[in-house]
Amino acid sequence: MRLKRVSFGDRLLLYFIYAFLILLSFSALYPFWNALVVSFNEGMDTSRGGVTFWPRVFTWDNYDVVFQDDKLINGFLISFYRTIVGTIASTLMTAILAYGMTRSYLMARKFYMVFFVFTMYFGGGLIPTFLLIRALGLMDNFLVFIIPGLISVWNMIIFRTFFKGLPAGLEESAQVDGCSTWGIFFRIILPLSGPVIATLGLFTAIAHWNDWFVPSIYISNPDLLPVQTILRRLLNSNIIELSGLPNDVISKINSARTFTSKSLTSATMMVVTIPIIIVYPFVQKYFVKGVLVGSLKE
């Protein structure tokens, strides 16, 4: 079999595409790489400038400070618990709602669907939402991270489309064997929904992990602040906050004077970012199938 010869114009276009993709990838990855480099570089040396692709004065001290800060560790745990609980609760409740919306015997099903879609485009705004959260007693409450975002209409539509594509014979066979509605959902529907659960679960987890706005509005108790909100305050203040560190670490910082707000902020950013990046390879294989589910027409 003879290979088709590629013309000079096609090769030139291919080289241009490769070069463009390399530049695009570099522009997306370099900020992350530079923050990683700064986190491993001595803070006072970083303030002189010129630290780009590799640490000039390598040190672990920035991470030593971050991992000994009680406030950051507590914020990291709050973010971790919120992500785990919020992702499981939201994915499960959204899947249950989507499964109910696929039942042809559900009364006023079209009205409910229109009602749900309406909430995607129109909302009460920040002030009514704040008054509602306060009336529900969710101020300074861990549940404020979970309950308001428990149902995602967009994810519900994707779940609903996936469920409607499953063979009806599966449920009919289970009903003949005496399986209840809940049994069908948990024993048949959910086990077959691995790709869409993995994809939407990851999207939900990322949203929970990266959220700083909700705590900044509804949380005043410093013990309930997630690490993202703490990091944002550090970025805005541009001041090294030492109150959460042990006295010996504070003394080390004051005597050495090698730390800067930028170096500690970069180390904190790495600590916050890397966990969610580690999760991605484990669900990557489900992405293509899971994301395409919502694009299929009924």
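Reply: Let me start with α4 and α10, where α4 passes α10 in a right-handed crossing (the near helix is turned clockwise from the far one by less than a right angle, anticlockwise being left-handed). The model is a predicted one, in which local features need pLDDT of at least 70 and side-chain atom pairs count only at pLDDT 80 or more, while totals for chains, interfaces and linings use all residues. Residues are numbered from 1 along each chain as its sequence is written, and side-chain values use heavy atoms, with hydrogens and water left out.

The angle between α4 and α10 is about 145°, and their axes lie 9 Å apart; axes are lines fitted to C-alpha atoms over the stretch in contact, with angles from 0 to 180 degrees between N-to-C directions. Helices here are DSSP runs of H or I with at least four residues, numbered from the N terminus. On the α4 side the contact (heavy atoms within 4.5 Å) is made by Phe76, Ser79, Phe80, Arg82, Thr83, Gly86, Thr87, Ser90 and Thr91, and on the α10 side by Ile197, Gly201, Thr204, Ala205, His208 and Trp209. Sorted by class, the residues of this contact of α4 with α10 are five nonpolar, nine polar and one charged, where Ala, Val, Leu, Ile, Met, Phe, Trp, Tyr, Cys and Pro count as nonpolar, Asp, Glu, Lys and Arg as charged, and the others, Gly among them, as polar.

Helix α4 (residues 70-101) also packs on helix α7 (residues 153-164), at an angle of about 55° and with the axes 8 Å apart. That angle makes α4 oblique to α7, because angles under 35 degrees count as roughly parallel, over 145 as roughly antiparallel, 65 to 115 as roughly perpendicular and the rest as oblique. Here too the crossing, of α4 past α7, is right-handed. From α4, the residues Thr91, Thr94, Ala95, Leu97, Ala98, Tyr99 and Met101 meet Asn155, Met156, Phe159, Arg160 and Phe163 of α7. In the contact of α4 with α7 there are eight nonpolar, three polar and one charged residues. Thr91 of α4 takes part in the contact with α7 and in the contact with α10.

For another pair, helix α8 (residues 168-176) and helix α9 (residues 181-189) cross at roughly 125°, their axes coming within 10 Å, and α8 and α9 are therefore oblique to each other. The passage of α8 by α9 is a right-handed crossing. Leu170, Glu171, Ala174 and Gln175 of α8 meet Ile184, Ile188 and Ile189 of α9, a contact with five nonpolar, one polar and one charged residues.

How values were computed: Helices (H or I, at least four residues) and strands (E, at least two) are DSSP runs, numbered from the N terminus.
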